[in-house]
Every structure is written in C-alpha cells, then in structure tokens.
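Dear colleague,

Please find below the structure that I am handing over to you. A short account of the findings follows it.

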Amino acid sequence: MARASRHRRIRHGRILGRSGSRSPLVAVGVPLLLAALAAGVGLFAAAASYYHDVTASIPTPQQAIAQQGGGAKIYDRHGTLLYQFLDPQHGYQKRVPLDQISPLVQEATIATEDASFYSNPGISISGIARAAIENLTPGRTFLDGPGGSTITQQLVKQLYFTPQERQERSLSRKLREAVIALKLTQDYNKQQILDWYLNEIPYGSEFTGIEAASEGYFGLPAKDLTLGQAAFLAGLPQSPSQYDPFLHFAAAKARQSEVLDLMVEHGYISQTTANWARLEQIKLTPRPQPFLAPHFVLYVADYLRKTLGEQALMHGGLSVVTTLDLNLQDQAQTVLDHQIAQHEAATGAHNGAVVIISPPTGQILAMVGSRNYFDATIDGTVNNALALRSPGSTLKPFTYVTAFEHGWGPEWPIVDSPITYTAPGTQPFTPVNPDHRSHGVIPAREALGNSLNVPAFKTILWAGVQNMINTAKSMGITTLDGHQLGPAVTLGGSDVKLLDMVYGYATFANAGTMAGVPTVLALPPGNRKLDPNPVLFVTDRAGRIVMNNTQPHTEQVIKPAYAYLITQIISNDANRQIIFGAGSDLHIAGYRVAAKSGASQPFPNSDATGDTWALGYTPDVAVGVWVGHSDYAPMYNLFSTTIAGAAWHDIMLDALKSLPQRHPFVRPPGLVEATVCVPSGIVAPAGAHCPTVTGLFAQDALSKQDARWWGGRELPSALPLSARIDGIPAGITGWQRYLAEEYLRTYGAPPTPTPTPQTTAVPAGTPSPSATPTIGATPAASATREPTAKGHGRTRR
C-alpha cells in the first residue's frame with residue numbers, strides 16, 4: 001500500500017513530501033545552494049544578480065524548441081506525412097502531447113532519470129552533493145565524474161546549449177544549467193516539463209523524442225508500448241550512442257534490466273512484474289520512414305531550397321503543407337501502372353508519368369514521376385514529369401491559338417495538301433498526316449481536333465514560328481530558348497516537360513489566366529512569370545507561418561476569347577472523328593472535357609514510337625500523361641491513345657469524381673460571328689467578291705484591321721481596302737505569300753482525298769525568306785503518330 005500511495009503522489013505530479021507539505025529540503029536547500037554557488041564565484045550577493053542575469057536573457061522553452069532545428073516535414077494537403085528530411089544533428093522527430101505517451105514510459109523515465117522529479121525544484125541537491133563527493137574522490141578531477149542532473153537539467157542542456165557546450169564540464173556551464181532549471185520549475189508545471197523532455201531528448205540512432213523512437217524501433221506509437229518496451233526505451237537517453245539498439249542491442253537490453261530495477265525500487269512496479277517484463281521478447285521492428293509521392297517530395301525540396309534556402313530545409317524544423325492530394329496521387333499511380341502492365345508485352349512500354357494541376361489556383365494536385373520510383377530497371381528515380389521529351393502533336397494548340405490571334409477562327413479553311421519545306425543548310429522536310437492522306441480544304445477545328453500534321457505545319461508557317469514560340473513560352477513552356485527552331489516545332493520538333501505542358505493546358509482551362517506562384521526559374525525574357533504551386537504554407541517549429549501560398553498569383557497571358565476557341569475545338573468529339581473515330585478515350589461520356597494527344601517517331605526507317613502523350617482539362621482540373629522510356633528506348637505497336645490516352649481517360653474521370661463541385665466552360669465576351677475574306681482575313685464588306693468564310697472569331701483580332709493589316713501582318717504602308725481584299729499585297733512575302741497564293745488557286749475547290757506514301761523522316765529546316773515550298777513532292781515521315789479511325793482505331797478498355 002505504501003508503494004501504491006507513493007505511486008499516486010508521483011503520477012499526479014504533486015510536489016509533496018510524505019506529509020503532503022513542501023519538502024524541508026526544498027525550503028532551506030535552495031538558499032543554501034545559492035549561497036554555496038555564490039561563494040564559489042566570490043560573493044554571496046552575486047548569486048541573486050547572477051540568477052537575474054542568466055534568466056533575463058534566455059528565450060522561453062517554446063522559443064528554444066523552435067530553434068532546435070530538424071529536417072523539414074512534408075505533408076499532403078490533408079495532413080498526411082509524405083517524408084521528413086533528416087537533420088543529422090537532430091534526427092527524426094514526431095512531437096505528441098503527454099496524454100499520447102504511455103504512463104509506463106513516463107514512470108520508467110522518472111524512476112531512471114530523476115526519482116524526485118515531482119518534488120525537486122529542478123535541480124537535485126542530494127544528487128549534486130553525491131556527485132560532488134564522487135567528483136572529489138582520489139584519482140578524479142573536479143567535474144570529471146557524474147553530474148547528478150535532473151530531468152529538468154537534462155532538458156535545459158538539450159534546449160539551451162549547443163552540442164559543443166553540452167560536452168563541456170565547466171563550472172560556468174553547470175551554474176548556468178542549474179539556474180535555468182530553477183527558472184523553468186518556477187514558471188512551468190511538472191507535466192509540461194515532462195512533455196518537453198520526452199519530445200526533445202535523443203533516443204539513439206536517428207530519433208529525437210519518444211514517439212519517433214517508439215515508431216523507429218518498434219513500429220508502434222508511444223501510447224501503445226508494453227512495460228518491457230517502455231523500460232527499454234527509457235534507458236536509452238543516458239547514453240544514446242552507447243545504447244543504440246541497432247548497434248549495441250545487448251547493452252540496451254542490459255540497460256532495460258537496470259530501468260526495471262529502478263522502477264521496483266521507486267515503487268512503480270512489483271519485483272514480480274519486473275521479472276515478467278524481463279522475459280518479454282524485445283524485437284526491433286522499425287516502422288520505415290514514409291517516402292510517399294517521392295518525385296513530388298523532391299520537387300518540393302528543390303522549391304524550398306530556392307525560396308527558403310538549404311539551411312531551412314535541412315535544419316529549420318519546418319512543417320510544409322503541400323498542394324498534393326495523396327488520394328488522387330495514389331489513384332493516378334495505380335491507373336498508370338495498370339495501363340502499362342496491360343499493354344507491356346505487346347508494346348515494350350515500361351514507364352510513364354502523370355501531372356494533375358488545378359487551373360484556378362495553379363496548385364499541383366498530383367505528380368507521378370515514374371511508374372515506380374524504386375524500380376531501377378526502368379530508371380524509376382528519374383522524374384519524367386520534369387524530363388525533356390518530344391511532345392508530338394500536343395504543342396499544336398499553341399500554334400492554332402497564335403493563328404487565332406492573327407485573325408483566324410475555328411472555321412478558317414486550311415488547304416490540306418502535301419508540302420515540302422526546305423531551308424538553307426537543312427534537308428527537305430515533308431510532313432505527313434496520321435492517316436497518310438490529304439483531306440483537301442478543311443476547317444481549322446477539324447485540322448486541330450484530328451491532329452492533322454500538314455494543316456498544323458501550314459498554320460505555323462502562316463502565323464509565324466517565332467510568334468508561336470512566344471505564345472507557348474508565355475503560357476508556360478520553358479524549354480524553347482537556346483536553340484533555333486523551325487516550323488516542325490508544332491509537330492513536336494522541340495523537347496518539353498510534362499509539367500510545363502499541363503501548366504500550359506491549365507492556362508487554356510482558366511480562360512487564358514495563368515495561376516501559380518512567382519517563378520523560381522532563371523528564365524530568359526518572354527517566358528512565364530509564374531510556376532505551378534507545390535506548397536500551400538510552411539510553418540516553423542514555433543508554428544509561425546514563414547510561407548503562405550494559399551492565394552494564387554495570376555497573370556492574363558492570352559485573352560479569354562482565344563483560350564475559349566481552343567477549348568471549343570478540342571472539347572468537341574465531333575472534331576476528331578476522322579482520325580480517332582467517335583467516342584475515343586479522349587472523350588469522357590457525361591462530361592465536357594478538352595483533350596489532345598500526341599506521339600513521336602524519332603527513329604529513322606522505323607515505325608517505332610518514342611513518346612506518347614495525352615493531355616486535357618476542364619475548368620477545374622488539368623491532367624497530363626506521358627508514356628515512354630527514360631532511356632529513350634523505342635516502343636512498338638502503339639499510338640497516343642493506346643496507353644497514354646487510356647490512362648488519361650481514367651485518371652481524368654477519377655479527378656472529376658473527386659471534385660466537390662464541377663464548373664462548365666463559359667463562353668466569354670469578345671467573340672463574334674463574322675464573314676471574312678480568304679486569305680486576307682479582312683471582314684468582308686458589303687458587295688465584296690472575295691472568297692469568304694463565316695464563323696466565330698475573336699473581336700480583338702478583327703479590331704486590329706486597319707489600312708495596314710493583312711492576314712495578321714502589318715504591311716509596310718497603308719493600302720485601300722480593295723487592294724487588300726482583291727489580291728496579295730507586295731508586303732506579304734515568303735511562306736505566307738506562298739500559302740496565300742495556294743488559297744487563291746484552291747479555296748472553294750478542294751481536291752479529292754488521296755493517299756500519300758510514307759517515307760523516311762528528315763530533320764525540319766529553319767524558316768527563311770529564301771526557303772521555297774513544293775507542292776506534290778515525295779513526302780517524308782511525320783514527326784508525330786496518332787491512331788486512325790480505320791485499322792487500329794482506339795484502345796477500348
């Protein structure tokens with residue numbers, strides 16, 4: 001009964017002697033100790049002054065804890081821990097309140113480290129006296145022996161002294177430690193001090209705090225520890241390296257027995273209970289540190305290094321709440337793996353990547369960098385969301401939106417007939433459509449929807465290669481600088497990143513407004529000013545917000561009318577039926593979703609495929625999928641929809657179903673029905689006899705038509721209206737002049753579709769005034785590959 005009574009007094013934290021009153025030792029011991037300490041430095045009167053000087057200059061424990069460091073903890077948007085970066089000086093830590101720590105741990109710790117914890121003033125007078133006697137025994141120098149430190153003193157040493165200072169055994173350091181311990185006991189209750197101690201003290205290996213140690217050694221939360229496990233862990237703080245269970249298990253087990261003896265001695269358990277606890281098997285079953293969404297975590301780390309610095313990432317004790325939706329991430333990972341596995345044997349495809357972005361905010365909701373990060377056979381650690389890959393036809397929307405800015409509309413006619421591009425210093429290049437056919441005069445909406453290569457090639461020649469590049473750069477594509485590009489860029493003739501592509505499509509989805517965070521990239525002028533946002537907010541160990549990205553930065557990069565014209569085209573399944581047929585994987589029944597796919601064939605004299613893509617969006621979500629190989633190995637027997645399109649379909653559907661609310665595409669102001677002359681694009685005046693087309697146009701583009709405007713270009717000088725609509729002004733030169741002449745010869749009398757043979761691909765040339773087109777030349781293989789409505793058709797699940 002005496003043991004039980006004593007147990008209750010200690011458990012409830014009352015600072016009582018056996019009678020329930022303040023201990024006489026406390027009442028008289030502290031003044032005597034202060035007197036003794038003062039005498040040690042010269043004067044009794046200096047003690048009070050020294051106490052004031054030390055305690056007036058120290059931070060609060062909360063502030064000291066906030067300065068302790070620790071690697072950044074990365075969470076998903078719902079609070080799930082994705083990863084914790086390791087601070088070698090601090091280790092892994094997971095703070096929990098005292099009521100989430102087993103009472104067995106608390107009792108074992110007090111019995112072992114400071115039996116008088118609930119009654120002492122923060123220092124143990126008897127312990128110091130005993131240590132002093134041992135320190136002064138023959139053969140020892142003063143302060144070389146035991147220190148008699150209480151739990152509070154150990155906490156003080158951990159919080160208020162550097163690792164180097166903790167190793168010092170000087171009188172000044174001991175005095176300072178004692179004074180701060182007295183101050184903490186005066187200002188805080190014992191439960192709070194024990195809470196701090198159990199969360200901040202090292203437990204060997206890489207673990208700081210009891211929760212990290214419990215999970216790290218036993219795979220359990222600290223609240224679920226058995227007596228044997230609690231005693232095992234409580235023995236480690238005395239010498240974390242000497243008792244490291246992974247390195248010195250026998251020593252740690254022997255220390256456990258000492259802890260059980262102390263628990264018996266101080267009345268916490270009976271001898272029988274201790275004996276049974278010694279028989280308990282102690283098996284190390286560590287819970288692995290989580291490393292979820294690894295490619296995204298490393299992307300976040302790079303972002304934090306560029307914004308807050310390496311020191312903050314590795315030693316700042318940061319809690320980072322990211323934009324990632326782990327549920328959506330896991331669904332995307334599962335779908336990608338399933339689709340690749342389903343077609344792996346037939347196609348040789350082994351890898352892929354997925355990015356999901358919220359268009360209104362620019363937040364990255366998912367980033368799957370490979371099929372399996374931990375699979376070395378596919379170079380799984382490579383983040384293919386950031387790798388440079390050939391985009392195939394997925395750049396075409398940037399070409400057409402540029403043409404729309406120059407006066408075209410979805411109904412604008414394009415002459416789909418063979419053309420060979422030549423330029424000085426390059427081989428001739430002849431684009432070929434996916435079905436190897438020409439389709440005569442075809443509206444831009446069908447040319448884009450069906451991903452026809454010849455019309456896209458002629459469109460970029462009309463709108464201007466550099467104009468298209470400028471558009472793509474402003475909308476998020478960051479890889480178009482540093483090399484000279486020709487018109488084949490619209491067919492995939494320049495490598496891009498999946499993340500950039502999804503960001504660009506998200507800008508279409510958001511009515512031409514880019515949303516995100518200020519860019520951390522060193523980009524040349526003309527590139528985007530914002531980046532996709534990976535982080536919602538960051539707090540330090542004190543809970544202070546050090547980064548807040550919850551409100552997006554925005555920039556209107558193209559006018560809403562132009563973005564809507566693209567959306568209108570690629571969200572209409574009727575516009576893609578020549579090549580893809582009706583109801584392909586780019587169409588999601590019951591939803592209006594804009595979608596575009598693409599593929600590359602970079603291997604000469606081969607039908608092998610290098611990359612396949614599928615991208616699409618609604619106003620609420622943008623999804624992109626890439627399938628290929630990190631080492632650029634070829635794939636066979638597949639099209640853009642075989643794996644990438646099928647995966648995109650299912651991932652987009654999952655994303656749409658996860659939304660709390662879905663929004664429709666809304667037609668913006670600034671669009672008008674108009675009849676314009678072809679090829680000038682000038683609004684047809686009454687009585688005009690020019691070839692015309694009627695359809696939807698952006699009012700912004702039509703409003704630019706002054707006396708110097710023709711076909712989206714500014715003429716050297718003003719011309720009368722009749723001169724501009726009845727012919728081709730002398731100021732129109734090069735490829736645009738050739739295409740204008742082609743319009744005058746062929747528009748209104750489209751040729752019958754005829755097959756065009758496929759031959760070896762050759763590099764694209766660079767446009768120049770001296771380059772000359774050829775009609776009906778032998779075509780070379782296209783840079784892109786799409787499914788056709790006949791033959792392979794589409795992949796159905």
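Leaving aside residues up to four places away in sequence, Trp648 touches Asp585, Leu586, Ile588, Val593, Ala594, Ala595, Ala614, Leu615, Gly616, Val623 and Val625, where contact means heavy atoms within 4.5 Å. The model is a predicted one, in which local features need pLDDT of at least 70 and side-chain atom pairs count only at pLDDT 80 or more, while totals for chains, interfaces and linings use all residues. Residues are numbered from 1 along each chain as its sequence is written, and side-chain values use heavy atoms, with hydrogens and water left out.

Trp648 also belongs to the largest nonpolar core, which has 154 residues; together with Phe398, Tyr617 and Val625, Trp648 touches the most other members. Such a core is a set of buried Ala, Val, Leu, Ile, Met, Phe, Trp, Tyr and Cys residues joined through side-chain atoms within 4.5 Å; buried means under 20% relative accessible area (1.4 Å probe, protein chains only). A second, separate core comprises 60 residues, including Val54, Leu98, Ile110 and Tyr268.

Thr55 lies in helix α3 (residues 45-56); helices are DSSP runs of H or I with at least four residues, numbered from the N terminus. Thr55 counts as buried because its relative accessibility is 12%. Its side chain reaches the backbone oxygen of His52 at 3.5 Å. Beyond residues up to four places away in sequence, Thr55 touches Val179 and Lys183.

Yours sincerely

How values were computed:
Buried means under 20% relative accessible area, exposed over 50%, partly exposed in between (1.4 Å probe, protein chains only). Helices (H or I, at least four residues) and strands (E, at least two) are DSSP runs, numbered from the N terminus. A polar contact is a pair of N or O atoms within 3.5 Å; within protein, one must be able to donate a hydrogen and the other to accept it, and residues adjacent in sequence count only if both atoms are side-chain atoms.
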